[in-house]
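Please have the viewer open.

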Amino acid sequence: MQRDSVNKFFAAFVFLTSFIVYGLTMAPSVSFWDCGEFIASSYRLAIPHPPGAPLYLLVGRVFTLIPAFLMSDIASRVNLISVLSSAFTVLFLYLCIVHLIRQYLKETDGFLRYVPYAGAMIGSLVFAFSHSFWFNAVEAEVYAPSMFFTGIIVWLVFRWSERHEEIGNEKYLLLIAYLVGLALGVHLLNVLALPMIFLIVYYRRYEMTVKSFLIFAVVGLLLMLLVYPVMVHRIPWLVSKIDFIGLVFVVLLMIGGLFYAINNRQHILSLLLSAILLIMIGYASYLTIYIRSGLDPNIDENDPETIEEFIKYMGREQYGEHHYDRDRRWRESDNGKNYESASQFFWDYQINKMYVRYFLWNFAGVSDNKVDFDLSKFWLIPLLLGIGGMAYHFRRDRKHGFAVFVLFFMTGLAIVLYLNQPDPQPRERDYSYVGSFFAFAMWVGIGAAAALEMLVKYTRKTSEGLSNNLGWALTILLLLAGPGRMLAMNYDTHDRTGNYVAWDYSYNMLVSCETGGVLFTNGDNDTFPLWYLQEVEGIKTDVRIANLSLLNTSWYIEQLKKREPRVPISLSDERIANVNLVMWPEEQEFEVPIVKKRNWRAEADRYQLALDMDSASVPQSMKFKVKPKLTLPTPDGQMVGVLRVQDLMILNILTANQFEKPLYFSFTTGTGNQLDGLQDYMRMDGILLRITPYKDWDIAPDRAYDLIMNKFKFRNLNNPDVYYDASTIRLLQNYRSAYYRLADHFLKTNDKERFVKLTEKMNDVMPESVIPFNNPTLRRVMTGLAFMAEVRPLEEMEKEEFSLMDLRIFGEMGEQYNYPRVGIPALEKVLEVALNDPTNPGIEEQIRSVFRQDSYYQQASEAEKEMVRKKAVVEPVRQRLVTMYEKVGEIGKARDILVKWQEEEPGNRFINENLPRIEQKLEEE
């Protein structure tokens with residue numbers, strides 16, 4: 001088999017392997033975070049968040065046109081972009097590693113001819129099955145195509161390097177320039193690969209001296225700055241000064257200069273001008289943003305339809321000022337108090353937690369808690385191969401070793417230095433550093449090749465045949481122990497098959513809204529999937545999504561006011577344009593006068609029925625107290641309270657709306673975004689909170705029951721073969737919270753039939769075995785309800801290892817909801833242990849809970865702890881058992897408890913009040 005044929009075989013193998021794995025694990029529909037926005041924006045050619053990704057949107061639009069008989073789900077069609085991009089990235093990584101190994105390994109005797117391909121295969125597949133890259137490869141995000149561009153331009157510069165003496169070799173450099181321009185239309189991270197590109201060109205064109213390297217460093221920095229930020233930010237700025245006609249004139253001047261350079265054989269100048277023009281042509285995809293915004297699509301973030309707004313859009317002004325002051329960043333971070341100094345903050349958080357931890361996630365393994373790294377997960381093989389490969393690369397080929405290091409640093413630690421991230425972040429940011437992991441994977445491949453090379457050279461002194469056999473054996477061993485082990489360990493956690501949570505949860509929010517409603521959402525994660533359902537699938541387009549984060553911006557407020565479906569806002573256009581923080585020095589009462597509507601009688605009747613009232617009328621006004629949300633310093637050094645713009649807008653919409661449109665908050669908005677006293681006027685409707693004119697109307701039971709039982713979708717939440725990560729499991733607890741509030745209502749109103757059906761439904765669609773609880777209290781309560789509804793037989797209470805705290809909660813619920821058959825056996829067990837084994841860990845747990853803080857428990861004397869055991873553990877259990885025994889007619893057992901208790905505490909009030917009555921009942925029997 002010829003050398004090129006072997007190379008093509010291995011290249012095809014890594015491409016097809018990665019493509020098949022990504023295809024099998026691809027998300028079946030929309031995912032959380034930015035995916036919903038990108039899919040919807042692709043489908044509608046709309047405007048996503050700054051700085052946009054116009055090329056991605058154009059390609060995404062093409063993929064949405066895939067025939068339905070091939071792929072029925074539009075979201076999955078856009079997801080396919082990431083699958084293809086990622087598989088090609090792995091292919092280009094393989095080719096890059098082959099090139100690097102061939103630079104220093106010139107021998108091709110025996111098995112050594114296969115060493116570059118075997119090493120490249122192992123390194124590229126290690127990267128293919130690494131956590132962060134795989135995660136991005138199966139959903140509709142820009143990071144997979146961004147890595148595709150990084151991979152192809154690095155490979156192209158190596159391709160040029162091999163042919164730099166051929167006539168027309170510049171075509172590779174010009175193609176790289178064009179691809180860099182295109183890449184800007186996907187993500188700006190690709191700019192960080194330019195230093196490596198320049199370095200490879202420098203190696204081939206110039207003799208390496210101190211002087212030439214310093215000149216190269218200055219020129220390379222200037223060229224990189226020319227691309228970003230000069231071209232990215234200054235071209236729109238230039239248009240704002242000289243208009244598009246002026247920009248055309250500038251381009252024509254550059255073309256004229258190019259002709260002059262070509263005619264006068266100014267090779268470097270012509271190459272530079274050609275490259276700049278090609279970057280500009282690729283960058284021209286951003287005209288899509290400007291043009292489409294002028295057509296006012298429903299998703300039109302920042303509304304960049306004017307040059308001024310387009311400049312702000314490209315500058316990401318929506319996200320506030322970006323600075324590099326680490327001391328300031330440390331002090332303004334919410335978790336800054338956890339660090340003693342800015343240097344500790346920088347090292348412990350920004351370096352170790354926000355880069356080193358992610359790096360080890362990918363080459364050592366993610367721990368089972370999905371937060372830390374686990375050095376034993378991959379047996380350290382990928383990590384050691386990479387470290388060894390780096391050392392070996394520098395020893396054998398220092399120039400290219402340094403080039404890879406530059407790529408590794410620029411796409412890793414340099415990003416850490418640039419971003420200067422505060423603590424905490426709203427989500428993990430490992431996707432930002434995949435370029436760095438791409439570079440390290442090159443060293444993994446070189447490390448594997450080095451191991452093979454050394455083995456073959458050492459053993460071929462004995463026998464050529466033995467050397468070849470051992471080479472193939474070690475190749476297979478490294479393949480299985482490296483990427484094979486990673487594939488096995490990461491497959492389940494990266495397999496999105498059957499995961500419809502983002503689609504279903506967003507759908508359930510929308511169907512919880514009545515016609516024409518306004519839904520306040522918290523941020524990207526619960527907004528973007530909603531946009532997808534409305535824009536792509538046309539579900540509940542009458543509901544207006546009001547993102548509270550965006551509600552702090554003038555352009556978004558104006559869109560809510562003027563674009564259909566409109567949100568009632570009474571602010572003038574001038575006031576909206578200048579909206580800002582509002583002085584709110586202290587807690588103040590806010591009143592919303594209520595203009596009675598004709599249809600409010602029905603709402604009053606529902607309120608009356610839900611709360612079992614004799615009558616109900618519409619209140620004259622809604623009154624609630626609002627506290628300042630922020631405190632800011634004044635010019636004279638005083639601190640004053642203020643309301644955010646989003647808080648002002650909630651108040652304005654409440655007043656302007658007059659309950660004409662239903663207003664809702666998503667569960668995920670949190671109390672901090674729900675304006676303090678306004679929470680008293682919120683009613684649970686499905687998995688939303690609806691604002692009502694009635695205070696303390698906790699739930700609309702009929703509507704909530706109908707939604708959960710008949711309208712909501714819970715696909716695959718009972719399927720143990722579908723993987724759900726920790727953040728998804730946390731979100732899904734909202735279903736259980738909604739269920740509990742409704743079940744509690746049915747129990748209190750003695751609606752046992754609907755309580756049982758509801759409990760059966762929730763345990764069927766979302767069993768604990770598939771979606772575990774992340775809150776022990778909720779788990780105990782839900783388990784207790786399952787026992788009461790006979791969804792779980794009482795025998796399990798004896799068979800399973802429930803803690804004494806579990807049993808106590810079951811017992812208390814049994815008494816509260818009048819289910820003594822559940823409460824009695826649970827509390828009997830607790831009482832038995834509390835009396836006969838007072839040092840039992842379960843009893844100690846309950847004693848600790850009374851002290852609330854562990855330090856108080858540690859400081860308490862043994863006598864104090866014993867008093868707590870008697871008064872806070874034993875006594876309440878005895879009281880509840882007496883009450884329940886009496887209800888079920890087991891008077892003798894009630895008397896036995898009281899008599900034994902009286903021997904210990906003859907003056908106890910509860911005994912003295914109940915024992916005579918119990919004894920009299922016993923005599924009457």
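Helix 10, which spans residues 210–263, contains P229, and a cis peptide bond with omega of about 15° joins Y228 to this proline; helices here are DSSP runs of H or I of at least four residues, and strands are E runs of at least two, both numbered from the N terminus. This is a predicted model, in which local features need pLDDT of at least 70 and side-chain atom pairs count only at pLDDT 80 or more, while totals for chains, interfaces and linings use all residues. Residues are numbered from 1 along each chain as its sequence is written, and side-chain values use heavy atoms, with hydrogens and water left out.

A cis bond also links D423 to P424, with omega near 10°, and P424 sits in the loop between helix 18 (413–419) and helix 19 (434–459).

Turning to phi, K370, which is not a glycine, has a positive value of about 65°, and K370 belongs to the loop between helix 15 (342–363) and helix 16 (381–396). L380 is found in the loop between helix 15 and helix 16, and its phi is also positive, near 65°. Most residues other than glycine have a negative phi.
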